[in-house]
Amino acid sequence: MNPLDSLSGTIISGLVITVIMVVLINAIGA
Amino acid sequence: MEFDHTWWTFLIRWLHVLSGFMWVGLLWYFNFVQTPSMPKIPDEQKPAISKVIAPAALFWFRWSALSTIVFGLILAQMNGYLTEALSLGLTDNVAKHSAIGFGMWMGLIMMFNVWFIIWPNQKKALGMVEVSDEERPKAARRAGVTSRINTMLSIPMLYAMVSAQNLY
């Protein structure tokens, strides 16, 4: 099942990417 | 008030944000309003969307996407961090450059999607160019999924842009 088939799946996927990105930003900027 | 570098930087940022509001506003209109509403609209009324509203929305959508990117790149150059940001802050280990860089790359991917995947496939799906009956639903699906990818990317992209200004 593709999470992008639903709006809630799309938003949750976006939030997951946000968390991963924040971890990477903090690691790079440390 | 002086029309100095700070003022011109502000002007470009204002134009960048104005364009971005229109772009992401229309992106969310497509994903949160238009697409979910289509199955609820009677068939004889659907051309109002597919022949009138969607083409007009797509016009402003693709040009606001381009102007957001152009003003954004000019702004990054004026602020002196264009190459550092495009390198995701890996060259100078500055979190602000990393944050704005992630946002810039996601914005660039989103603009590429608009111009080279969504728009060409929407033209086929809406009947603005002639395609076979077999090809039309495939084009609609390709445009729809890519539009969803952009909606997904808009969440971390906006976090990156705003956090670069306010957190880092």
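Reader: How are residues and chains labelled, and which pLDDT limits apply?
Author: Residues are numbered from 1 along each chain as its sequence is written, while chains are lettered from A and ligands numbered from 1 in the order in which they are written. The model is predicted, with local features needing pLDDT of at least 70 and side-chain atom pairs counting only at pLDDT 80 or more, whereas totals for chains, interfaces and linings use all residues.

Reader: What is the secondary structure of chain B?
Author: Chain B has 5 helices and 0 strands, in the order α-α-α-α-α from the N terminus. Helices (H or I, at least four residues) and strands (E, at least two) are DSSP runs, numbered from the N terminus. The C-alpha trace of chain B spans about 55 × 35 × 25 Å along its principal axes.

Reader: And chain A, what does that comprise?
Author: Chain A has 1 helix and 0 strands, and its C-alpha trace spans about 35 × 15 × 5 Å along the principal axes.

Reader: How many residues does each chain give to the contact?
Author: Chain A gives 14 residues and chain B gives 21 residues; two residues are in contact if their C-beta atoms, placed from the backbone, lie within 7 Å. On the side of chain A that touches chain B there are 8 nonpolar, 6 polar and no charged residues. Here Ala, Val, Leu, Ile, Met, Phe, Trp, Tyr, Cys and Pro count as nonpolar, Asp, Glu, Lys and Arg as charged, and the others, Gly among them, as polar.

Reader: Turning to H2(B) and H4(B), at what angle do they cross?
Author: The axes of H2 (residues 46-79) and H4 (residues 95-125) of chain B cross at roughly 155° and come within 10 Å. The two helices are therefore roughly antiparallel, a term for angles over 145 degrees.

Reader: Which residues meet there?
Author: Among them are B:Phe61, B:Leu66 and B:Ile69 in H2(B), and B:Leu108, B:Met111 and B:Trp115 in H4(B). By class, this contact has 12 nonpolar, 4 polar and 1 charged residues.

Reader: Why does B:Ala164 count as buried?
Author: B:Ala164 counts as buried because it has 23 C-beta neighbours inside 10 Å; the cut-off is 20 or more other C-beta atoms within 10 Å, placed from the backbone. B:Ala164 is in helix H5 (residues 135-166) of chain B.

Reader: What does B:Ala164 touch?
Author: Not counting residues up to four places away in sequence, B:Ala164 touches B:Lys96, B:Ala99, B:Ile100 and B:Gly103.

Key:
Axes are lines fitted to C-alpha atoms, for helices over the stretch in contact, and angles run from 0 to 180 degrees between N-to-C directions. Angles under 35 degrees count as roughly parallel, over 145 as roughly antiparallel, 65 to 115 as roughly perpendicular and the rest as oblique. A residue is buried if 20 or more other C-beta atoms lie within 10 Å of its own, exposed if 12 or fewer, and partly exposed in between; C-beta atoms are placed from the backbone.
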